[in-house]
Amino acid sequence: MSSNTNANPSTFIVPIGPQHPALKEPGHFEFHVDGELVKSASVRLGYAHRGLEKATEGRNYVQTLYLLERTCGICSHIHATAFTLAAERLAEVEVPPRAQAIRTLVAELERVHSHLLWLGVAAHEAGFDTLFMYSWRDRETIMDVLESLTGNRVNYSVNLLGGVKCDVTPEIRDMILNGLDFLEKRTQHYLEVVTSDALFLQRTRGIGVMTREQAELWGTVGPTARASGVPRDLRVDSPYAGYGEFPVRLITEAAGDLEARFVVRLRELQESYRLIHEILAHLPEGELTARMKRRIPEGEALIRVEAPRGELFYFVKSNGTDSPERVKARTPTICNMASVLQLTVGHQLADVPMILAGIDPCFSCNDRAVILRRGASADTWTWEDLRQHGIRVYHERA
Amino acid sequence: MVVDTQARLVQGEALLAPLSSAITRPEPNRIDFALEPEQLYMAVDLLINGKWGYLVAITGLDHGPEAGRMEALYHFGSYGAVITLRIQIKRTQPCVPTICSLIPSATFYERELMEMFGVIVEGTPNTDYLYLPEGWPSGVYPLRKDWEPVNPLLVPVQEAKHEQ
Amino acid sequence: MAVQVKENTSPLRAVMDGLKTWARVNSPWLLHFNAGSCNGCDIEILATLTPRYDLERFGIKLEGSPRHADVLVCTGPVTLQARERLIRIYEQMPAPKFVVAVGSCALSGGAFRGCYSVCNGIDQVIPVDAYIPGCPPRPEAIIDGVVKLLSSLQR
């Protein structure tokens with residue numbers, strides 16, 4: 001753990017994780033604080049490092065697809081999509097338009113579930129448990145939809161090399177549309193809550209401000225970057241799968257604070273609903289799969305897709321056999337991690353959980369107990385204690 | 001506003017024209033520049049000063065002990081265009097200079113390159129393991145082709161105090 | 001001052017045991033730990049707290065500190081980095097303690113069995129009392145597993 005014997009005696013090191021009740025994923029952060037202000041931060045990753053890239057070298061393409069879906073439970077479809085796009089590009093296989101449209105549909109449904117999940121977790125970090133319960137209850141609508149369409153609530157496994165496995169029947173289409181009607185009203189309500197609730201705004205407005213120059217310097221991606229005005233969205237810049245036929249609007253905010261990050265994700269939800277309506281209205285007819293070679297010819301494919309958290313990068317090198325030579329996955333959270341470590345400096349310790357939640361961290365995509373020393377005595381803080389501390393501080397301020 | 005990918009590629013190629021390198025175009029939206037480790041810093045400097053894109057990732061590639069070489073691919077993306085700097089590394093002397101003075105957030109990617117492939121990134125600010133566990137033996141590089149995973153690790157079950 | 005009980009068959013001891021079991025069964029405090037999973041199981045565990053599934057109606061509460069918890073709900077195939085922390089957390093929990101392994105990764109390593117930085121399941125590291133299979137298991141399955149564990153305590 002931490003033992004910084006050269007530290008100034010008034011600097012405490014607050015280690016957080018890997019077991020913390022709020023964030024469901026293991027990561028270890030260390031914040032050097034002076035009183036309440038954070039002076040510097042560092043992170044220890046690797047708790048979810050399962051050696052996926054090496055594991056792909058012993059498996060064939062189909063097995064690799066099933067393995068890579070399980071890189072992350074929240075964004076499993078986008079990992080599988082990126083890999084199949086790479087394999088199809090290497091094999092020079094043309095995927096039928098209906099399959100691409102269904103892939104896009106499931107990707108947008110995944111974005112909806114991921115953003116609603118994030119909304120709940122971020123609200124939980126602020127102590128706003130009511131919003132957490134409501135948003136997760138509403139999220140169950142999308143989980144039902146995904147289950148009817150694909151057979152599973154998480155790890156839906158829609159992709160095949162060459163197409164998709166499941167089809168959109170008229171009953172499922174009606175179910176999706178009904179669910180979306182309900183969610184559109186709820187999302188509008190959340191947007192109002194997030195921008196007008198006075199106590200919540202105290203935790204988010206003006207906190208964790210990242211300017212556009214900083215966002216570009218630190219290499220942030222996804223909604224975190226778009227909340228600072230950076231116009232970076234791979235669905236717009238470099239359309240893949242069905243995004244050429246069904247374009248998306250770019251959503252940015254200028255403020256760059258935590259409130260902007262909430263607003264960007266909620267507006268992206270609204271844009272996703274619009275896109276899902278459009279896809280369902282104009283779903284192309286045709287086959288669901290194309291024939292795929294077993295042995296993929298030699299080559300290298302580089303795929304960049306927009307996961308709910310930002311840019312997901314896949315590099316696949318094939319060597320003419322039925323097993324990939326090298327698969328490299330670079331996930332969005334590692335890009336945004338540098339921004340967290342920079343942003344927390346100068347903020348109060350109470351703001352740290354919210355700032356971390358603001359980037360929507362996903363450590364399992366990534367990787368694969370607090371000791372405050374005051375002289376001789378030592379207290380142990382958990383993440384829960386830190387959150388409660390934050391709630392207390394802001395209640396006293398109000 | 002959709003930025004034209006080919007126009008961005010042409011701009012990027014013009015920026016890197018001062019360097020002598022072998023250029024390949026593996027896909028319509030990509031250009032690859034094969035460079036020596038000494039040219040890396042200048043290439044990144046040219047791209048950053050020309051405000052061409054951002055560092056997307058650093059991929060390590062091991063061509064195997066027979067070939068005796070590895071590559072470190074530095075991918076830069078600008079809207080839909082991707083420029084890759086393919087740094088040729090000899091397996092016997094795997095060194096590249098750091099680019100953290102130009103791009104501070106490159107430290108994560110450089111740490112991964114070091115721990116997975118054993119490439120020495122000279123001057124990088126942080127050399128701790130990023131993903132590998134703390135007790136991992138040094139000198140063992142998992143993503144090199146000549147390393148076979150020990151399968152599986154036998155862990156003695158803890159005799160914890162457990163009572164009903 | 002603790003009650004000094006000399007014999008196991010003392011009626012006071014039986015009453016105390018009954019009371020403790022009743023408290024443990026009716027209001028267990030859960031601790032959740034992710035030992036390197038993909039989060040699929042974790043978000044299903046979190047979903048059990050939400051209004052549709054509502055684990056709290058069984059008296060189950062999700063706790064923050066290992067020192068307050070009765071039951072450790074653990075996911076993930078136990079990566080090498082997480083292994084020491086898992087053992088430490090298990091040792092910090094006061095006895096009697098129970099471990100529930102959730103998801104196929106926690107049972108046997110799942111899709112990651114044989115990977116170089118994975119311990120192939122939680123029971124390779126700490127003793128497990130209940131296994132809930134699935135990838136990930138539905139929230140109903142998780143509730144069913146926890147309730148089965150609790151009713152086995154009553155017997």
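**Note on the predicted three-chain model**

1. Leu177(A) sits in helix H6 (residues 170-196) of chain A. Helices here are DSSP runs of H or I with at least four residues, strands are runs of E with at least two, and both are numbered from the N terminus. This is a predicted model: local features need pLDDT of at least 70, side-chain atom pairs count only at pLDDT 80 or more, and totals for chains, interfaces and linings use all residues. Residues are numbered from 1 along each chain as its sequence is written, while chains are lettered from A and ligands numbered from 1 in the order in which they are written.

2. The cut-offs are 20 or more other C-beta atoms within 10 Å for buried, 12 or fewer for exposed, and anything in between for partly exposed; C-beta atoms are placed from the backbone. The C-alpha atom of Leu177(A) is separated by 7.3 Å from that of His277(A), although the two residues are 100 apart along the chain.

3. Chain A as a whole has 15 helices and 10 strands. Of its 398 residues, 59% are buried.

4. One open sheet in chain A has three strands, ordered S1-S2-S3, with antiparallel pairing. Strands pair if DSSP finds at least two bridges between them. Strand S1 (11-16) and strand S3 (37-44) of chain A are the edge strands, and each pairs on one side only. From one strand to the next, the twist averages 20°. Strand S2 (residues 28-34) of chain A runs antiparallel to S3(A), and seven bridges join them. Across this pair, His28(A) stands opposite Arg44(A).

5. Chain B has three helices and seven strands. Their order along the sequence is α-β-β-α-β-β-β-β-α-β. Chain B has 164 residues, and 38% of them count as buried. Take the contacts in chain B between residues at least 6 apart in sequence: 52% join residues at least 24 apart. Contact means that two C-beta atoms, placed from the backbone, lie within 7 Å.

6. Chain B also has an open sheet, with five strands in the order S1-S2-S5-S4-S3 and mixed pairing. Strand S1 (22-24) and S3 of chain B are at the edges with a single partner strand each, so one side of each has no neighbour in the sheet. Neighbouring strands are turned by 20° against each other on average, direction ignored. Strand S2 (residues 30-35) and strand S5 (residues 81-90) of chain B pair in the parallel sense over six bridges. Asp32(B) faces Thr84(B) of S5(B) as its opposite residue.

7. Helix H1 (residues 5-15) of chain B lies across S2, strand S4 (69-78) and S5 of chain B. H1(B) runs at about 40° to S5(B). Axes are lines fitted to C-alpha atoms, for helices over the stretch in contact, and angles run from 0 to 180 degrees between N-to-C directions.

8. What does chain B present to chain A? In this contact, 27 residues of chain B meet 26 residues of chain A. Strand S3 (residues 54-62) of chain B gives the most to the chain B side, with six residues. That side divides into 20 nonpolar, five polar and two charged residues. Ala, Val, Leu, Ile, Met, Phe, Trp, Tyr, Cys and Pro count as nonpolar, Asp, Glu, Lys and Arg as charged, and the others, Gly among them, as polar.

9. The contact between chains C and A takes 34 residues from each chain. On the chain C side, strand S1 (29-34), helix H2 (40-47) and helix H3 (80-92) are the elements that give two or more residues. H2(C) has the largest share, six residues. The chain C side holds 17 nonpolar, 12 polar and five charged residues.

10. Helix H5 (residues 139-154) of chain C has 16 residues and reaches 23 Å from first C-alpha to last, close to the expected 22 Å. The expected span is 1.5 Å times one less than the number of residues. Pro139(C), Ile142(C), Gly145(C), Val146(C) and Leu150(C) are buried in H5(C). Seen down the axis of H5(C), the buried residues fall within an arc of 130°, so they line one face of the helix. The arc is taken from the directions from the helix axis to the C-beta atoms. Glu140(C), Ser151(C) and Gln154(C) are exposed on the other side of H5(C). The buried residues pack against helix H1 (11-26), H2, strand S4 (98-102) and strand S5 (130-132) of chain C.
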